[in-house]
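Hi,

Here is the structure I promised to pass on. Have a look at it first, and my notes follow below.

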Amino acid sequence: MRLPCLLAAMFALAACHDQANGGGAGVREQITAVGSSTVYPFTTIIAERFVAADPGARAPVIESTGTGAGMKLFCAGIGAGHPDIEDASRRMKASEYRECAAHGAPDILEIQIGIDGIAFAESKRGPRMALTTVDLYRALSAHPGGKPNRARTWADVNPALPAIPIQVYGPPATSGTRDALAELILMKGCDAVEPGAVALSHRDPDAHRTLCTRVRDDGAYIDAGENDNLIVQKLQANPDALGVFGYSYLEENRQTVDGVAINGVKPTYAAIAADQYPGSRPLYVYVKKAHLDAIPGLRDFLRLYAANWGKDGPLVRRGLIASPAAVEAKARAIIAREIPLDPAKLPS
C-alpha cells in the first residue's frame with residue numbers, strides 16, 4: 001500500500017512543477033525566456049542579478065531568437081517544455097494570442113519594460129547622412145510607386161544625398177525590429193508620397209501593409225540576422241553602409257558608430273523618451289500566468305525587472321529608455337496583481 005501512495009505523491013509533485021499539468025516534458029527548475037535580440041541584453045542583466053541575489057537558484061536560460069520566432073516558441077504550449085517569458089520589441093499580435101490560447105495559455109501578462117528606438121547608424125568614418133522617412137521608403141521599398149525599385153544610390157532617391165550605393169544591414173523578417181522598421185518608418189514615408197495610401201489603410205489594411213512595408217530583396221537591404229553586434233562590425237568594415245538596430249546597441253557602440261537623424265531628429269535618449277524621434281517604440285516581456293506557480297522564482301524575476309527599469313537603474317545604463325511614470329505604474333500593477341492582457345486591445 002505504501003508504494004502506490006508514494007508513486008501518487010511523486011506524480012502529484014511532478015504535475016505541480018510541470019506548468020498547469022500540461023507540458024509532458026517533466027520538471028524544470030530554471031526560468032526560460034526567448035525572443036527579441038533588442039530585449040535580450042536587458043533580460044540577461046536581470047538574470048544575472050537574479051542569481052546574484054540567490055546563489056542557490058538555477059541560472060535562467062535566455063535565448064535571442066527574434067520576436068516573431070520567439071512568439072512561435074512561447075505560444076506552442078504550457079509546461080516544462082515551453083518558455084515562461086517572451087521578450088518582444090513590439091506588441092503581441094492578435095493572431096499570436098489566438099495561437100497561445102489554442103495551446104492552453106489564454107492568460108498572459110503583458111509588461112512594458114521601457115522604450116527603445118529604431119536607430120539607423122553609420123560608421124564614424126561614414127558620409128554623415130541625414131534622412132527622412134520618405135528617403136528611407138524610396139530607398140528600401142520593394143515597389144515604390146507600384147514599380148520595382150531601381151534606385152541604386154542615395155542620390156537616386158534624393159538628389160541632395162550622396163551618390164553612394166544604398167546598402168543597409170538590418171534584421172530579418174522574424175525580428176520585432178524589422179516589424180517596427182516597417183510600421184514606424186516605411187509606412188510613414190509611404191503614406192506621405194503614395195497617392196491613396198492613407199485611404200487604403202482604412203479600406204484594406206492588409207493591402208496597405210503590402211504596398212508600404214515590403215522590403216526590396218535585390219541586395220540594397222541586407223539581412224544580417226539577429227546578431228546586432230554583427231551589424232556594428234559590418235559598419236566598421238564598410239563605412240558607406242547603414243545599419244538598423246535598437247537604440248541600446250547604438251548607445252553601447254557610440255565609440256564606433258553614430259546615429260543618423262531621421263526627419264531632422266537624432267536618435268537620443270531625450271528625443272526617444274519625448275516621442276519626438278520617428279522610430280520610438282515600447283519594449284515588452286510576456287509571461288504565462290500558468291507558469292507563475294510552477295516555475296521557482298518566476299514571480300521574483302518579474303519583481304526584479306520592475307526594481308531595475310527606472311531612470312537611474314542598470315537597464316537604463318545599458319541603453320533602455322525608461323517608460324513614463326504612468327506606464328511604469330501600470331506595469332508594476334500588472335506584476336503585483338498578475339493581471340492578464342485584454343486580447344481585444346491587441347493589434348491585428
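Before the details, one term: a residue is called buried under 20% relative accessible area, exposed over 50% and partly exposed in between, using a 1.4 Å probe and protein chains only. This is a predicted model, so local features need pLDDT of at least 70 and side-chain atom pairs count only at pLDDT 80 or more, while totals for chains, interfaces and linings use all residues. Residues are numbered from 1 along each chain as its sequence is written, and side-chain values use heavy atoms, with hydrogens and water left out.

Let me start with Ser 89. With a relative accessibility of 1%, Ser 89 is buried. Its place is the loop between strand 3 (85-88) and helix 4 (94-102); helices (H or I, at least four residues) and strands (E, at least two) are DSSP runs, numbered from the N terminus. Leaving out residues up to four places away in sequence, Ser 89 touches Ser 36, Thr 38, Val 39, Thr 67, Gly 176, Thr 177, Arg 281, Pro 282 and Leu 283, where contact means heavy atoms within 4.5 Å. A polar atom of the Ser 89 side chain lies 3.3 Å from the backbone nitrogen of Thr 177.

Now the domains. The domain assignment, whose bounds come from an automatic or database source, gives domain 1 (32-115 + 282-345) and domain 2 (116-280). Their centres, taken over C-alpha atoms, are 27 Å apart. Domain 1 brings 22 residues to the contact and domain 2 brings 17. The size of an interface is often given as the accessible area lost when the parts come together. Between domain 1 and domain 2 the buried area is about 1500 Å², with 51% of it from carbon and sulfur atoms; this is the accessible area (1.4 Å probe) that two parts lose on being put together, summed over both.

Across that interface there are 9 residue pairs in polar contact, both residues at pLDDT 80 or more. A polar contact is a pair of N or O atoms within 3.5 Å; within protein, one must be able to donate a hydrogen and the other to accept it, and residues adjacent in sequence count only if both atoms are side-chain atoms. On the side of domain 1 that touches domain 2, helix 2 (40-53) and helix 3 (67-74) are the elements that give two or more residues. Helix 3 has the largest share, with 3 residues. That side of domain 1 divides into 9 nonpolar, 9 polar and 4 charged residues. Here Ala, Val, Leu, Ile, Met, Phe, Trp, Tyr, Cys and Pro count as nonpolar, Asp, Glu, Lys and Arg as charged, and the others, Gly among them, as polar.

On to the salt bridges. The rule asks for a side-chain nitrogen of Lys or Arg within 4 Å of a carboxyl oxygen of Asp or Glu, and the count comes to 16. Between domain 1 and domain 2 the count is 2. Glu 252 and Arg 318 form a salt bridge, with their closest N and O atoms 3.0 Å apart.

Another salt bridge joins Asp 258 and Arg 128, at 3.4 Å between the closest N and O atoms. Asp 258 is in strand 9 (residues 257-259) and Arg 128 in the loop between strand 4 (108-123) and strand 5 (130-131), so the pair ties together parts that are 130 residues apart in sequence. Asp 258 is buried at 17% relative accessibility, whereas Arg 128 is exposed at 53%.

Within helix 13 (residues 298-308), Asp 300 and Arg 303 are 3 residues apart, about one helical turn, and their side chains meet in a salt bridge (2.9 Å, N to O). Asp 300 is partly exposed, with a relative accessible area of 45%, and so is Arg 303, with 47%. Arg 90, Glu 96 and Asp 179 are linked in a network of salt bridges.

Last, the loop between helix 5 (133-140) and helix 6 (154-157), where Arg 150 is found. Arg 150 is exposed, at 62% relative accessible area. Asn 149 is found in that loop too, but is buried at 6% relative accessibility. The side chain of Asn 149 makes a polar contact with the side chain of Arg 216 (3.4 Å).

Best wishes
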